[in-house]
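Thanks for coming. I have a few minutes on one structure, so please look at it on the screen while I talk.

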Amino acid sequence: MTYGYVRVSTKEQNEDRQMIAMQEFAVDKIFMDKQSGKDFERPQYRRLIRKLKPDDVLVIKSIDRLGRNYEEILEQWRLITKEKRAAIVVLDMPLLDTRKNRDLTGTLIADIVLQLLSYVAQTEREFIRQRQKEGIAAAKARGVRFGREPMERPLAFPSFKKAWKEGKISARAASKQLGIAHKTFLCWAKEEEIG
């Protein structure tokens, strides 16, 4: 059986390029996750691994579609090729086709290329996170605010807060009548006491 694995990091990203490559390779079944490659706790990937049997083939477009964690990529590669005894084909890197070159030299070259590409995949993930952090810091410095706008306090809030402090009404009942969350009522009450 030939399986394809497709991964994009977010729901907004497009997987078409990978899907076309899988169809051109004529895989029997495709598993797809829309989740970060930081680890291998992905539902469809886990299903795929459970299904793999000896002599099955796993096809991926590039090594970073498998994941972006150096040590975990190497571990998953070992799991698939040694424990499951399945083959892996990395379409963008023909040297990483475990169906062929199974002699010592072929295995050595594949291992070196795998380690190098796994390192590059993790390094790219770290660069992405660093660029995000820098971008957020720059935006904050320009005065850009993140998160949703603070909610307006209802005009009746002070009287409900006073009744709550005097023990005439519970915080839950007050928040329900104000149409706000219980936690919001308590948070606002504490803010006013501090401020």
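A short walk through the model

I will start with R145, which sits in the loop between α5 and α6 (157-165). Please keep in mind throughout that this is a predicted model. Is R145 buried or exposed? With a relative accessibility of 63%, R145 is exposed, because the cut-off for that word is over 50%. R145 and Q35 are separated by 110 residues in sequence, and their C-alpha atoms lie 26 Å apart in space.

Now the sheet. What is the order of its strands? Four strands make up an open sheet, and they run in the order β2-β1-β3-β4 with parallel pairing. At the edges are β2 and β4 (87-90), each of which pairs on one side only. On average, neighbouring strands here are turned by 20° against each other, if direction is ignored.

Take one pair in detail. Strand β3 (residues 57-60) pairs with β4 in the parallel sense, over four bridges. Within that pairing, I60 has V90 of β4 as its bridge partner.

Two helices come next. Which strands does α1 touch? Helix α1 packs on the sheet and touches β1, β2, β3 and β4. The direction of α1 makes about 170° with that of β1. Helix α2 (residues 43-51) also packs on the sheet, where it touches β1, β2 and β3. For α2, the direction makes about 150° with that of β2.

On to charged side chains. In general, side chains of opposite charge can pair when their charged atoms come close. How many salt bridges does the structure hold? There are ten salt bridges in the structure, and I will pick out some of them.

One of them joins the side chains of E15 and K34, at 3.3 Å from N to O. E15 is in the loop between β1 (2-8) and α1 (16-25), and K34 is in strand β2 (residues 29-34), so this pair ties together parts that are 19 residues apart in sequence. E15 is buried, at a relative accessible area of 16%. K34 is partly exposed, at 31%.

E166 takes part in two of the contacts I want to show. The side chains of K162 and E166 meet in a salt bridge with an N to O distance of 3.2 Å. K168 also forms a salt bridge with E166, and there the closest N and O atoms are 3.0 Å apart. As for the surface, K162 is exposed, with a relative accessible area of 54%. K168 is exposed too, at 65% relative accessibility. E166 counts as partly exposed, at 42%.

There is also a network of salt bridges that links E75, R78 and E83.

Which residues form the nonpolar patch? The patch consists of L116, Y119 and V120, and together they have about 310 Å² of accessible area. L116 belongs to helix α5 (residues 104-141). With a relative accessible area of 52%, L116 is exposed.

To go back over the main points: the sheet is open, with four strands in parallel pairing. The structure holds ten salt bridges, and L116, Y119 and V120 make a nonpolar patch on the surface. That is the end of my part.

Conventions:
Residues numbered from 1 in each chain as written. Predicted model: local features only at pLDDT ≥ 70, side-chain atom pairs only at ≥ 80, totals over all residues. Heavy atoms only, no water. Patch = residues over 30% accessible without salt bridge, like charges linked within 9 Å, V, L, I, M, F, W, Y side chains within 5 Å. Areas by Shrake-Rupley, 256 points an atom, 1.4 Å probe, with all protein chains shown as cover. Salt bridge = Lys/Arg side-chain N within 4 Å of Asp/Glu carboxyl O. Buried < 20%, exposed > 50% of the residue type's maximum accessible area, 1.4 Å probe, protein only. Pairing = 2+ DSSP bridges. Axes fitted to C-alpha atoms, helices over the stretch in contact; angles between N-to-C directions. Contact = heavy atoms within 4.5 Å.
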